[in-house]
Amino acid sequence: MLSTLREYHRPHTVGEVLELLARPGVRTAILAGGTELAGREDPELEAVVDLAALGLNTVDTGAGGLRLGAAITLQDLMEHPDVLGFAGGLLAAAAKQAAPRTIRQAATLGGTLAGDKGGLEVPTALVALDARLTLAVVDGIRQVAVDEFLAGKGGWLAGALVTEVSLPLPMGGTGAALERVSRSPSDRAIICAAAVLSVDRHGACKAARVAIGGAGAHPGRVPDAEAELVGHPLTSERIAAAAAAVTAAVDPQSDFRASAEYRRWVAPVLVRRALTAAREVESR
Amino acid sequence: MKIRIVINGQEQRWEAAPHESLLTVLRREGNFSVKHGCETGECGACAALVDGRLRPTCVTLAAQADGHQVTTVESLGSPLKLHPIQEAFLDTGAVQCGYCTPAMMLATQRLLEQNPSPTEDEVRECLSGVLCRCTGYVKPVEAVLRAAALLRGEEVAPIERSARGPLTPDGRPWDGHGGDLSGDPRDSTPPAPGGVPGEAGPGGDPRREAAPVATLDAITEATLETHEPLRSVGSAARKVDGPKLAAGKPAFTDDFEIRGLLYGKLLLSPHAHARIKRIDASRARALPGVHAVLTHEDIPRVSYTTAGQSWPEPSPYDMRSLDDKVRYVGDRVAAIAAESPEIAEAAARLIEVEYEVLPAALDPRQSMAPGAPVIHDEPDARGFAHHDFSRNLAGRIEAGHGDLEAAMAEADLVIEGTYEVPKVQQVSIEPHITITFWDEDGRMVVRTSTQVPFHVRRIIAPLIGLPPGRIRVIKPRIGGGFGGKQEVLIEDICAHLTVATGRPVKLEYSRAEEFMAARSRHPQILRMRTGVMRDGTVVANEMYVVADTGAYGCHAITVQSNTGVKTIPLYRAKALRFTCDTVYTNLPPAGAFRGYGVPQGAFALECHMDVVAEALGMDPMEFRAKNHVRVGDVNVLSKKMNEGKEGYSQVIYSCGLTECIAICQEAIGYREKREKYGARAHGGKLPVKVRGVGGAISMQGSAIPGVDMGGAVIKINDDGTFNLMIGATDIGTGADTVLAQIAAEALGITAQDIMVYPSDTDLTPFDTGAYASSTTYISGMAAKKAAEEAAWEMRKVAAKLLGHVSAEHVMLRDKRCWAPDGRSVSHQDVSLHSLHVSEQQQIMGHASAVSLKSPPPFAAEFAEVEVDTETGEVRVLSMVAAVDCGRAINPILAEGQIEGAITQSLGYATTEEMVWDESGHMITRDLRDYKIYEANEMPRSQVFLVETHEPYGPYGAKAVAEVPINPLAPAIANAVAHALGIRINQIPLTPERVLRAIRAAQGQGAPAADQG
């Protein structure tokens, strides 16, 4: 219950948001969908700043790739034709699996990245898609790669507002896939892996991004696995070698859903599956 | 702040504080269809359309909706003029408790606006995010598809069901009309004026108790010949409370406005085990807006049990409303009443408590060990049955039959196995909620979400120092119970707060409080030992159980006695032994949960029977067919243990088990899939994805024999309609409808001609409540007898009006009273005559029912699974259930019970588990972490009613609500064992448990250390 909340703001500009956040002595939180905020026990929160009037729910497709407003809901993300058509619909699939439908109608892309209830799928997919975040701060804007952001979320978010998530256009010949494990089909993931692969005319891997969520403090890339792939034909043996590199690269934690040991066992399996599926998506 | 909202097309300006949720404000402004189920948006009961998008209003600030359009079910239709979506939900039986129905209908409205012809997958996706604990989503999906057809302007066929059967006790097709033979075999004889022959009470005819089956058949058939086919009973009547639920009318506990309401709040213990050395509430009391803060120092110390059972409750009296010791994280420390929830919460933070933290025991094995902390060291705790508080033993149960060791010695093979089942919660979407107030006569009114209104009145009386006669308990519509509300959980403390303040007080649990401080299913460790002959004959079966009752012993003995008494006697054997130690731990108390101990026992027994069959090289179903009980068999343990004391031998008079098994096998393709699937079909080498199929069977009872009692009163109105007043407690199951159908049958009318008024301790006769599968059987018998008494009065009046006919020969049908020669007089004319014209009298009937027999309903359930052998992920692909509930009074409602039960059992097998940390704090405190199934992830399911005729049930009925929750979890475990060739003895079958078992079997060094 947010019983100490006294102020609700719905500014029309990002500048106003930042001014409100910068006020000394007023504990202020950003409100996007509300799913992260409500139900939180914060007996000192005094003000919220609603992003609804900023128009940050746009999807722009351009030569540089896909630019997503941070306040787009997960439901819009999974239904938008441009997102569905981007990199095999990886992000749309991730959004769909992240939360039940009613929550997807409220929860936003930015809130999913900035908060801690958004699940593993969306950030993991964004890492694999080489997403960059744009943050508005008092003295301008900052850009940060999504994995860097996730590694130091608290620092990046101080006095800042995530305004946009941009995804570079994949190279030609790209396939992408997401794999996950959960107790039931719609349950939150215990662990998930995403892979984005680009293949040249000769079938050799031009670029590979492998991301894993739920096997460390935050979703991140697995460079050792990627290194096994780039420059090589994507044979099953290569993929197995990349997957094998995962075990040593991850540092999972235990929680009630599964032990660290389980996650270590399953991480390479999911990476292998994601790579195999991405290769198949590409070849179609 | 002022907000402007267009609500259901009307612009409104409302006052809302910045922190208030849209849910709070919508309800305050009278939109009661929007329900509170959690605080994190996960359950969806609060969802409303905001600018056409269905979103959870509990996680939406009211201020966010400023300037937007909000649509709730209040905009759809009224009970008198329902929208086609509402019609479809009612016709299909999609409305059970009705608590999540409004959100589902809004989801439907939005979907059908955008997509008039959705596929089933699209429907399931649209309903996902609205959790339903009652239906298993089968009927809601059917409702949406039907609504789509209606809105497309298509003709839709009426909903009909032709159940299989009914069958005679020996399996022959049977059609006709048999009454209960409970008290008087001359069932067709009208009751004598002034009284209805009742079931023989304790000390009744002992010969009946052991009646041989052949005799019974004769009685049954003799009785049948005199009757016409049933009309009301067996029909898919709409729920009598359906229209108001579909219209989102204010029908639940919280949908009630009263001036001067205060908000209650409990301060819960942060420690698993501690003594309160000092408690100072002075700062909290000084906070403006606080009207009372109660600690153990402020109220009398009275020991009691929260178990809502008949007097004297067979549970230890080991609780106080407030105590100077806390025994689990979440135990009560203090109670507050304040002007607002915010003030109450602030006050809770101002209470100063100094704890002496004590060592805690969080595992029954630990609390049984020497030197364990003693959880109940208070001198005024009163035990029940064989207990030893100094060893944390809440109760020991021993029940046996025959010479077990001799039988084991005689067996060719003795097979042992140990099984473990988790702590899981009922998760009714409506949390526990109570409103208490003094009425104008100075009587305490308790409006509460309960399964046991009469027990609430009796149990809280000594706690608040009032005689029961000065307490009135009202049960409104209930948003699901599943046993969780067979607990007098918060009524006492809410009433204490009204006593202290003189004001109305509302106390409602949050979802987190539900998980911390409500009840749950007892976790158990079960050791099975079975002796069999080489030919597959079971000769001895033994079950030893260690059960964890948590910090208090509510239902500790009775739940656990069911674990053995209703499981191992399912198989004939020379000797049986059941032993159980129910142990205290410093965890939230367990209690009643649908199935009441049988799901635990059935998991162990039914897994073990597969293990035994495997060891014998027999097909598990052939093994079961060889050994399971049949008509004429006796449950030999039922005499040893009943509600904590000696009981009554239960002879099986109706049993459709053989057909249930056959139907399931056929429906799921059992024989082919046993051959085609499984590790063995792959030569023992596991592929990445491997399928398996398995089944299990179970029985329950129908009411607690000699204990459960129900009363009914029925009276006629001028127009020939009736009022039925019953103590029976409809908690969303459809009991009001079923009882109306039973009464209607006897009166020659339909359920729609009866206004049912249930469970108000001032206005209705007593009933023990909605538990132990008693309502259809016991309360149904009471309704039938009361209606028959009223019918007899009508026949007498009609005979006079018709002339030349004796009352005995008047038949009631189609709202008329008929002479054999075809002349008739309407019910209305009979009523007008008897109320206004001559020999005026109120035509009415009243009756009670109790039974020494508890006819077991039976069920077989099968599952097909796919296991991912690299990740351990288990996916249930399909599930099939066939249930013998005797005569299904309302087949649609009966199916709904089964569909909901197997969905809960699916959760038990795969996802549901309460998990706590090493200090006893609950980790799974919301519906994100405690996972119950959503509409879009359900396996295919098929449900069959295998009707038999139970000679002792009203119109042949037995219970239906509990038995189907028992077999599916072991069926899934058996299917996984078939798939993998590896037996996993613990549920839920999480990916980690399954992968560990696979790795262990493959020698990959994966010790069975468990997570969590």
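Modeller: What follows describes the interface and then some of the salt bridges.

This is a predicted model, in which local features need pLDDT of at least 70 and side-chain atom pairs count only at pLDDT 80 or more, whereas totals for chains, interfaces and linings use all residues. Residues are numbered from 1 along each chain as its sequence is written, chains are lettered from A and ligands numbered from 1 in the order in which they are written, and side-chain values use heavy atoms, with hydrogens and water left out.

Taking contact as heavy atoms within 4.5 Å, 56 residues of chain B touch 56 residues of chain A. The buried area, that is, the accessible area (1.4 Å probe) that two parts lose on being put together, summed over both, is about 4,600 Å² between chain B and chain A, with carbon and sulfur atoms giving 52% of this.

Across this interface there are 8 salt bridges, each defined as a side-chain nitrogen of Lys or Arg within 4 Å of a carboxyl oxygen of Asp or Glu. In one of the salt bridges, R104(A) pairs with E125(B), and their closest N and O atoms are 2.7 Å apart.
On the side of chain B that touches chain A, at least two residues each come from β4 (53-56), α4 (120-127), α10 (341-350), β34 (874-884) and α27 (991-1001) of chain B, where helices (H or I, at least four residues) and strands (E, at least two) are DSSP runs, numbered from the N terminus. The most is given by α27(B), with 5 residues.

Within chain B, helix α27 also holds R993(B), whose side chain meets that of E913(B) in a salt bridge at 2.9 Å, N to O. E913(B) is in the loop between α25 and β35 of chain B, and the two residues are 80 residues apart. R993(B) is buried, at a relative accessible area of 7%, and E913(B) is buried at 15%, buried meaning under 20% relative accessible area (1.4 Å probe, protein chains only).

D929(B) is found in the loop between α25 (891-910) and β35 (940-948) of chain B. With residues up to four places away in sequence not counted, D929(B) touches R183(A), F256(A) and R257(A) as well as I923(B) and T924(B); D929(B) counts as buried because its relative accessibility is 12%.

Elsewhere in chain B, E378(B) and R320(B) form a salt bridge with closest N and O atoms 2.7 Å apart, and both belong to a network of salt bridges that also includes R301(B) and D380(B).

Technical notes. Buried < 20%, exposed > 50% of the residue type's maximum accessible area, 1.4 Å probe, protein only.
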